[in-house]
Amino acid sequence: MKVDMSTSVKDDAQLEASRVRENPPPMYKVLLLNDDFTPMDFVVQVLQQFFHMNREKATQIMLQVHTQGHGVCGVYTKDVAATKVEQVLQYAKAHQHPLQCVMEEN
């Protein structure tokens with residue numbers, strides 16, 4: 001008896017693809033937290049550099065951080081969000097600013 005493996009492989013691939021569509025990976029918000037010491041221009045610079053925002057959008061988010069205590073920089077998969085948080089924290093520390101960046105499940 002000959003088994004057609006190509007059909008089995010195709011079925012497995014279709015099953016996996018449908019499983020991915022049904023259960024997308026959890027997404028995480030990256031947030032900047034307000035503090036009394038980090039200059040507003042530095043926050044705008046971080047948003048432009050690490051989150052690829054234009055100056056206008058970065059300024060809007062910076063003002064949200066300033067007035068509401070936090071602002072959402074973006075929503076990413078867990079690994080991307082964790083990388084962005086680490087990059088921002090290292091950059092802020094290197095520039096001697098206490099800016100805090102965290103992630104939370106969306």
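A residue is called buried when its relative accessible area is under 20%, exposed when it is over 50%, and partly exposed in between, with a 1.4 Å probe and protein chains only. The model is predicted, so local features need pLDDT of at least 70 and side-chain atom pairs count only at pLDDT 80 or more, while totals for chains, interfaces and linings use all residues. Residues are numbered from 1 along each chain as its sequence is written, and side-chain values use heavy atoms, with hydrogens and water left out.

**Exercise 1.** Locate His52 and decide whether His52 is buried or exposed.

*Solution.* Begin with the position: His52 is in the loop that joins helix H2 (40-51) to helix H3 (55-68), where helices (H or I, at least four residues) and strands (E, at least two) are DSSP runs numbered from the N terminus. Next, take the backbone, where His52 has a positive phi of about 55 degrees although it is not a glycine. Finally, His52 counts as exposed because its relative accessibility is 65%.

**Exercise 2.** Carry out these steps for Gln96.

*Solution.* Gln96 lies in the loop between helix H4 (78-94) and strand E3 (100-105), and although Gln96 is not a glycine, its phi is positive, about 60 degrees. With a relative accessibility of 73%, Gln96 counts as exposed.

**Exercise 3.** Find the salt bridge and describe its two partners.

*Solution.* A salt bridge requires a side-chain nitrogen of Lys or Arg within 4 Å of a carboxyl oxygen of Asp or Glu, and by this rule the count is 1. The side chains of Glu104 and Lys29 form it, at 3.3 Å from N to O. This pair links distant parts of the chain, with Glu104 in strand E3 and Lys29 in strand E1 (residues 27-33), 75 residues apart. Glu104 is partly exposed at 37% relative accessible area, and Lys29 is partly exposed at 21%.
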